[in-house]
Amino acid sequence: MESSVATSPKTQSDGRGPGMGPTVDSRLKTLAATMKRHQYQPDALIEVLHTAQELYGYLDPELLVYIAQGLRLPPSRVYGVATFYHFFSLKPKGRHTCAICMGTACYVKGAATLVKTVEDYAKVRSGETRADGRMSLIQARCIGACGIAPAVVLDGTVVGRQTPDSIVDHLKGWLENGSDRAA
Ligand code: FES
């Protein structure tokens with residue numbers, strides 16, 4: 001059965017939600033493919049929520065509504081499950097989020113080195129948030145940008161062909177000199 005929600009939901013204004021431009025669409029496609037693979041079965045809710053969180057770093061309300069529509073569940077049910085389990089996060093933990101794709105294409109092109117580089121430079125462990133709350137580092141599954149591997153998502157923007165130097169350059173703006181500009 002084909003879902004009626006495989007198109008972009010409405011755009012969100014903070015640059016992090018599921019409707020933000022073509023780069024984020026690839027993540028939305030991955031999420032839609034996950035729901036399709038599970039034949040839009042409501043029983044797949046937790047698996048779909050896991051995928052969504054790995055793709056976006058957290059589950060914002062718009063994303064929960066999108067999933068609810070896809071699995072034909074009441075939004076209240078999806079929200080209830082997302083808030084019940086501690087491993088789901090409804091808010092970005094850090095002010096900024098760096099999500100490094102660890103899918104196969106990115107892995108073979110050095111994603112693990114990128115993780116190590118960010119951990120060392122930003123002094124944050126993967127899956128955690130810096131003590132000052134400035135940024136969180138997460139690892140993601142394939143975000144649908146394999147052609148530009150290794151890919152990283154910085155505050156909702158996919159950047160490709162990253163190197164240790166380029167990723168540090170992106171993070172400098174977040175972490176140095178009190179600057180808080182986005183990459
Ligand atoms: S494996 Fe990283 S984008 Fe596909």
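I count two residues as in contact if their C-beta atoms, placed from the backbone, lie within 7 Å. With that in hand, I looked at the protein chain and found that, among contacts between residues at least 6 apart in sequence, 63% join residues at least 24 apart.

Before going on, I noted that this is a predicted model, in which local features need pLDDT of at least 70 and side-chain atom pairs count only at pLDDT 80 or more, while totals for chains, interfaces and linings use all residues. Residues are numbered from 1 along each chain as its sequence is written.

**Overall make-up**

I looked up the elements, taking helices (H or I, at least four residues) and strands (E, at least two) as DSSP runs numbered from the N terminus. The protein chain has 7 helices and 4 strands, and in sequence order I read the pattern α-α-α-α-β-α-α-β-β-β-α. For burial I call a residue buried if 20 or more other C-beta atoms lie within 10 Å of its own, exposed if 12 or fewer, and partly exposed in between; of the 183 residues in the protein chain, 39% are buried.

**The sheet**

I take two strands as paired if DSSP finds at least two bridges between them. The 4 strands form an open sheet in the order β2-β1-β3-β4, with mixed pairing. Because β2 and β4 (157-159) stand at the edges with a single partner strand each, one side of each is left without a neighbour in the sheet. For angles I use axes that are lines fitted to C-alpha atoms, for helices over the stretch in contact, with values from 0 to 180 degrees between N-to-C directions. Neighbouring strands of this sheet are turned by 25° against each other on average, direction ignored.

I then followed the pairs: strand β1 (residues 96-101) and β2 are parallel over 6 bridges, and cysteine 101 has alanine 140 in β2 as its bridge partner. Between β1 and strand β3 (residues 152-154), which run antiparallel, I found 3 bridges, with cysteine 98 opposite leucine 154 in β3. Helix α6 (residues 111-122) packs on the sheet and touches β1, β2 and β3, its direction making about 155° with that of β1.

Is strand β2 enclosed or open to the outside? I found that 5 of the 6 residues of β2 (residues 135-140) are buried, so this strand is largely enclosed by the rest of the structure.

**Helix α4 and its partners**

The axes of helix α2 (residues 45-56) and helix α4 (residues 75-84) come within 11 Å and cross at roughly 70°. I therefore describe α2 and α4 as roughly perpendicular (65 to 115 degrees; under 35 is roughly parallel, over 145 roughly antiparallel, and the rest oblique). Leu45, Ile46 and Leu49 in α2 meet Val78, Val81 and Ala82 in α4.

The axes of helix α3 (residues 61-71) and α4 come within 8 Å and cross at roughly 120°, and α3 and α4 are therefore oblique to each other. Here Leu64, Val65, Ile67 and Ala68 in α3 meet Pro75, Val78, Tyr79 and Ala82 in α4.

**Leucine 175**

Last, I looked up leucine 175, which is found in helix α7 (residues 164-175) and is partly exposed, with 19 other C-beta atoms within 10 Å. Leaving aside neighbours within four places in sequence, leucine 175 is in contact with Ala122, Arg134 and Met135. Leucine 175 and arginine 134 are 41 residues apart in sequence and 7.2 Å apart in space, C-alpha to C-alpha.
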